[in-house]
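Subject: Structure for you to look at

Hello,

Here is the structure I promised you. My notes follow below it.

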Amino acid sequence: MTDSDIATLVKQAVDIVEVIGRAVRLRRSGNRHIGLCPFHQEKTPSFQVDAENQLYYCFGCQSGGDVLSFVTKHQNLTFPDAVKYLADRYNIPLPQKERAAHGDLEERGRILAAIGCAADFFYARLHFAPEGRAAREYIDRRGLPAEVVESQRLGYAPPRWDGLFEHLKKSGIQPALAAKAGLLSQSSNDSSKFFDRFRNRLIFPIRDERDIIVAFGGRILSQDEQNEPKYLNSPETPVYHKGRMLYQYSTARQACRQVRQALLVEGYMDLLAFHAKGFHRVAATLGTALTSQQVRLLSRMCDEVVLAYDGDDAGEKAMLRALPLFLQEELSVSCIRFPDGLDPDDFLKKFGLAELERLIDHREELGTYAVRKAVSTWDGSSAERVRIFSELQPIFRDVRQPLLKSEYLRIIADRFSITEEVSEAQLLHEKRGRPDSGHRRSGSVNYSKPPQIESLEEKILRLMIKYPTLVECVRESDVLGCFEESKLAAIAGLLCQAGFCSAQEFSPSSLYDLLRESDLHELYTRYLLEPYELEEPEIQLRDWLEALIKRMAKKRSKELEQCLREAERKGDRAQITDILVEIRNLRAKTNVGDFPDNV
Ligand SMILES: [Zn+2]
């Protein structure tokens, strides 16, 4: 049993109302309990406890969380001590560490054995079964050499519901254990029925730090299964945590011994394209956005990470979203950009490894890149200047190294023809002006007024939290990439993932447990506990999604206009035509409201 399992056990055994009720005089109001906040001075109560979701939130000082974070804060304890404190106080028998660990190991071993057995099955299907032909042809088309296919033990999952199921059964592996290992899925109608999770996919085994296969990623092979995701990965299991591992970590770590620099890419195929060229200092994320745990993992093997994401807009966005994580962990990070929107695989095929190494030699520090990008969009207006400063503000909040900071300030000062001191003062000024900072006074009502200007992202996220059935609409509309505020994007992303993986298990408190940073906990509990009722949430959501998509389109269209002026100046006919076509398409989208019906 892990520490987090023990924490969950304690949380399930105690009642938050009772625990907080010992410290705060609570009175019941509907399905909530309210009282005077123990964390700030107040005369009218703005502190609420939600018994149903086992969470609390103060609308006066924005403190919030679950029972453990309450005890941590109120008793001034560390997290493990808070767990112990509650366990002692409420006589919760904690499993004996040693025995629990032993039982854990046993199960771990059985899960790993099941995964190994599945890996052999996939491997044999790829190499020896007639049905594996499509996969073999795909490998040839993508130009993956036999050594890589062999060393990675790539495999193939046949297009059947019971292929792996039968194989595991023959090997004496119980379906329930195989489901726990993420190999089989349980039927939602009949929980005694299991079926293959991976069907008709090229299989990439995923290994842990010790090079043991702990999970699989599967790439779709047939074009006509459009409802299926392109990549399907193992779910979280006792041996696989996608936010805390990296694809090919152990190989990359060995290759990094001499040159303490690693490349980070986003996909399995991209990564293997590097291996195909004999380049091994490269790791990849596992189908989700980069996490701070992964950055810490990277910092153990190298002193600098070079992001080599796709050359398109989505790749750039993902890259920029990673910047705060690196700044917070103080790990050097730079980026290379592939021309013409190419991905690393295509680039390597077209230009080769030598050209890629030349790109690495000319890499740019990521924060410098972000700042340069942001200021380059300035159109000369003062309104835009204000906007750019507020866009840059988060970078300055996170950057700790003085050298980097002064480099960023120099770029800004140059662009706006002001001194570095004025740039810095302006950035600090923006900070103070933020609406949600500092202590908010609570009046006679329980809720302090929501901020006057609520962003579209914020509205959409509130809806997702209050009306979980709408999460699917948001996921389908694919707008997450349009979220500009990283905290909101993080919560919305988790909601989409949680709803996607296990609709039946989804609950507000389980989502709370998935959020890792404490400021996300506070934001989430606030949205969950603040009243937010709408007459017709679906219609509202549809409007807001549309508005968000339009906003992005407008932004893009502005960029295009600038490119157009540039192209006209250079007299580049072909480029002008391309840009005009894209502008026309964008306009059609924004004016006619040509959006998919399912949003
Ligand atoms: Zn408070």
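Predicted model: local features only at pLDDT ≥ 70, side-chain atom pairs only at ≥ 80, totals over all residues.

Which residues does A262 touch, not counting residues up to four places away in sequence? They are A252, C256, R281, V282, A283, L298, M301, C302 and V305. A262 and L307 have the most contacts inside the largest nonpolar core, which has 91 residues.

Overall shape

The protein has 25 helices and 16 strands. Along the principal axes, its C-alpha atoms fill a box of roughly 75 × 70 × 50 Å. The radius of gyration is 26 Å; a compact globule with 599 residues would come near 25 Å, so the two agree. Of the 599 residues, 33% count as buried. Take the contacts between residues at least 6 apart in sequence: 65% of them join residues at least 24 apart.

The four-stranded sheet

An open sheet is formed by four strands, in the order β6-β9-β10-β11. The pairing is antiparallel. β6 (155–157) and β11 (231–233) stand at the edges. Each has a single partner strand, so one side of each is left without a neighbour in the sheet. From one strand to the next, the twist averages 35 degrees.

Three bridges join β6 to β9, and the two run antiparallel. G155 has I203 in β9 as its bridge partner.

Helix α11 spans residues 268–276. Its buried residues are Y268, D270, L271, L272, A273 and F274. What covers them? The cover includes two helices, α7 (146–151) and α14 (344–361). It also includes the strands β9, β10 (213–220), β12 (261–265) and β13 (282–284). β9 and β10 belong to the open sheet described above.

α11 and α14 pack at an angle of about 30 degrees, and their axes are 8 Å apart. Angles under 35 degrees count as roughly parallel, and α11 and α14 are therefore roughly parallel to each other. M269, D270 and A273 make the contact from α11. P344, D345 and L348 make it from α14. D270 and A273 are also on the list of buried residues in α11.

After α11 comes G278, with a positive phi near 80 degrees.

Two hairpins that share β4

β3 (47–50) and β4 (55–58) have a loop between them. The two strands form a hairpin with four residues between them. They run antiparallel and are joined by four bridges. F47 has C58 in β4 as its bridge partner.

β4 also pairs with β5 (residues 64–65), through two bridges and again antiparallel. Here Y57 has G64 in β5 as its bridge partner. This hairpin has five residues between the strands, and Q62 takes a positive phi near 60 degrees.

Which way do the side chains of β4 point? L55 and Y57 point one way, Y56 and C58 the other. All four are buried.

Q54 is worth a look. It is not a glycine, yet its phi is positive, about 55 degrees. Q54 is in the turn of the β3 and β4 hairpin. Is Q54 buried or partly exposed? It has 19 C-beta neighbours inside 10 Å, so it counts as partly exposed. The cut-off for buried is 20 or more.

S417 is another residue other than glycine with a positive phi, near 50 degrees. It lies in the loop between α17 (402–416) and α18 (420–432). With 6 C-beta neighbours inside 10 Å, S417 counts as exposed.

Where to start

I would open the view on A262 and the 91-residue core. Then turn to α11 and the elements that cover it, including α14. Finish with β4 and its antiparallel partners β3 and β5.

Best wishes

Terms used:
Residues numbered from 1 in each chain as written. Rg over C-alpha atoms; globule rule 2.2 N^0.38 Å. Buried ≥ 20, exposed ≤ 12 C-beta atoms within 10 Å, placed from the backbone. Contact = placed C-beta atoms within 7 Å. Core = buried A, V, L, I, M, F, W, Y, C linked by C-beta atoms within 7 Å. Pairing = 2+ DSSP bridges. Axes fitted to C-alpha atoms, helices over the stretch in contact; angles between N-to-C directions. Parallel < 35°, antiparallel > 145°, perpendicular 65-115°, else oblique.
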